[in-house]
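Good morning, colleagues. Please turn to the sequence and the model on the screen.

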Amino acid sequence: MDADTPPFLLETRDLRQSYRMPRESLLRPPPEVQALKGVSLQVTAGRSMGIVGESGSGKSTLARLVMALERPSSGQVLLEGRDLNQLGAAELRAARRDFQMVFQDPYGSLDPRRRIWRTVAEPAATLEAASRTQQRERAAAMLQAVGLGRDALDKYPHEFSGGQRQRIAIARALITRPKLIVADEAVSALDVSVQAQVLNLMADLRDEHGVTFLFISHDLAVVSHLCADVAVMKGGLIVEQGPVRQVLTEPRHDYTRALLASVPEMPAALPN
């Protein structure tokens, strides 16, 4: 590795986030909730990481901070060594080419009033000038990459199934050729058979396009399908992390063991 190359694609350092709750009394300050209590993790390019935990564990808060949608109370989010929260507005906008997000609800994340080609092309169009024809062709290429044809370009979101809409959301994330995609419960709203199709698609994109995923889920079995490493979160903290095979076959923390016990059947094959 070159001396000037950052060792990690993504790194968070002692990341903390607190939220003020509604005031309960005029005589007392509003209470605070600590959503993250010091989260440090490292994601190496080419090694997708899963973030696993129950609702309220801090997973989605972590996703928002990694995407620079919120500023942390303290700590750092480094993308290729650059602290995202120290970038100016123009620098951050340009940096977003390298990191994109896929949300849980494939319908809610797509504008129902816009044709699919406009939705898919939008992230790239905001970063660089391109003609309408160029935007359509880029959108068509991304839709093809996720298994949809050109006939999807002029349709609207309601004309697609849930699995197809999530493919469209992935195409939208891919169009800037990002290095990192944050997927926040991206398959939890889909039925089991469609989940498998979307996970296989993500695995193919990881292998063919070199995309690294930060894959957030409550389901260890889902994470084991896509990720090389996993971090287990509970109460705003990472309680265990390491290679997927190690964590799933030799869990050290009681909470990890409890999560594993709740999974009906783990896959026979796990990543190295």
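First, the provenance. This is a predicted model, in which local features need pLDDT of at least 70 and side-chain atom pairs count only at pLDDT 80 or more, while totals for chains, interfaces and linings use all residues. Residues are numbered from 1 along each chain as its sequence is written, and side-chain values use heavy atoms, with hydrogens and water left out.

Let us begin with the sheet. Helices (H or I, at least four residues) and strands (E, at least two) are DSSP runs, numbered from the N terminus; two strands pair if DSSP finds at least two bridges between them. Six strands form an open sheet with mixed pairing, in the order β6-β7-β8-β3-β9-β10. The edges are held by β6 and β10 (237-243), each with a single partner strand, so one side of each has no neighbour in the sheet. From one strand to the next, the twist averages 15°, where axes are lines fitted to C-alpha atoms, for helices over the stretch in contact, and angles run from 0 to 180 degrees between N-to-C directions.

Now to β7, residues 180-184.

On the β6 side (residues 99-102), the pairing with β7 is parallel over four bridges, and Phe99 stands opposite Leu180. Five bridges join β7 to β8 (residues 212-217), again in parallel, with Val182 opposite Leu214. The chain passes from β7 through helix α6 (residues 192-209) to β8 in a right-handed β-α-β crossover: with the strands pointing away from the viewer, the path from the first strand over the helix to the second runs clockwise.

Elsewhere in the sheet, β3 (residues 49-52) and β9 (residues 229-234) run parallel, joined by four bridges; Met49 has Asp229 as its bridge partner.

Finally, helix α5, residues 162-174. Why may we call α5 largely enclosed? Because 10 of its 13 residues are buried, among them Arg165, Gln166 and Arg167.

Methods: Buried < 20%, exposed > 50% of the residue type's maximum accessible area, 1.4 Å probe, protein only. Expected span 1.5 Å × (residues − 1).
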